Amino acid sequence: MTDSASYDPLASVQAAGPPGTISFIYGLPDPASFPVEDLRRAAGEVLRQRPELALQYGPEQGYGPLIDFVRARLARKEGLAVERPQIMLSGGSAQALDHICTLLTRPGDIVLVEAPTYHETLQLFRDHGLRPLQVDTDDGGLQLDALAGRLAELARRGERARLLYVIPNFQNPSGITLAANRRQPLWELAERYDLLVVEDDVYRDLAYQGQVPPSLYAWDQRRPEGSGPGRTLRIGSFSKILAPALRLGWLLGPPGVIERLVGSGLRAMSGGVNPLVSNILAEYCSQGLLEPHIEGLRALYSERRDAMLDSLALHMPPGTSWTRPGGGFFVWLGLPLPLRAAEVAGRARDARLLIPVGDPFFAEEPAGQYLRLAFSYVTPAKIRDGIAILGQVLGEMMADN
């Protein structure tokens, strides 16, 4: 972890908010956590030892040594045996998801999503002409009865969903983790309805307590012999655990799907995924630097998570609810009736506190009662100050009603 004094705060003014404000808007990694010196040294080694490789077009699947590092890490951390035909590198999670939509869906296809889910993913689906429909969640994540009901309803109408998109761990925006005992039944529902599952698992490594349940992809790997080629695509990323500007992640999936994606026109034209960055990350990871760095991130962000949860318990009026994430960057706050999120956000803005309303995180009609609080980019002191302001705003609005 590097010293924050080496960073220009003006470079991050958008995420931090205008001077004199506190912002819970952006779920970004703290720039002070970027391993600048380690990445600089790794880049120097790469450009000194193998510039002709690092600066050239790369293989469509991605840089082999980095792929093998990810495979070895999955085996070590999760007991997953991932062979080369089951993995590819991607230009971050967004490119992976866009690539899936381009090749595996058609305009008009139905995509099932959690309610709530990441709002920019909804925008990406709509850009592809897809129809996102939502499935209710609770403190254990996606409700299986609601999912089964939605799938059965579609079947009765002679329709089917093409994809199920889930963020199973420390979800954006809710912070909720899909319960371990729901994962195999979810996979079985996908099998029954011939549903392709896209598992956006970019927050898995940012766990601050307990064990993260086995992935949906892991259940897919355990399917009975002869039951088909698998139906889960799992997305991972270096954005949250190193730096977003690296624009590098990976995708796991059935060999046939990975082969189709790797053999696409996009891959043929692009000359590989960020060959220079891939070489640098392979060098960085080969030096054993990634795991200590992630441990530092867990300490940094868990302190901020705890500051937010403690402050919410201290300042929120009766009737307010919030999630208690075991990791990730977000807390999801439910407002007491009759308060409305848009009005609360406006009053908070007047008090120099910036909070996004939860409405854009719903694929269908929003409830209008939720706020997303991002704690990753805010110091514990400012978190405490911001939640105190929010508590005062809510108290005043409740008194007005």
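A salt bridge is a side-chain nitrogen of Lys or Arg within 4 Å of a carboxyl oxygen of Asp or Glu. The model is predicted: local features need pLDDT of at least 70, side-chain atom pairs count only at pLDDT 80 or more, and totals for chains, interfaces and linings use all residues. Residues are numbered from 1 along each chain as its sequence is written, and side-chain values use heavy atoms, without hydrogens and water.

**View A. A salt-bridge network includes R131 and E159.** R131, R150, E153, R157, E159 and E364 are linked in this network. R131 and E159 form a salt bridge, with the closest N and O atoms 3.2 Å apart. R131 sits in strand β4 (residues 131-138), and E159 in the loop between α7 (144-156) and β6. Helices (H or I, at least four residues) and strands (E, at least two) are DSSP runs, numbered from the N terminus.

**View B. D201 meets R234 in a salt bridge.** The N to O distance is 3.4 Å. Both residues are buried (under 20% relative accessible area; exposed is over 50%, partly exposed in between; 1.4 Å probe, protein chains only). D201 lies in the loop between β7 and α9 (216-221), R234 in strand β8.

**View C. K77 forms a salt bridge with E291.** Their closest N and O atoms are 3.6 Å apart. K77 belongs to helix α4 (residues 64-78), E291 to helix α13 (residues 290-315). K77 is partly exposed, at 44% relative accessible area. E291 is partly exposed too, at 23%.

**View D. Strands β6 and β7 pair in the parallel sense.** β6 (residues 161-166) and β7 (residues 196-200) share four bridges; pairing requires at least two DSSP bridges. L164 stands opposite V197 in β7.
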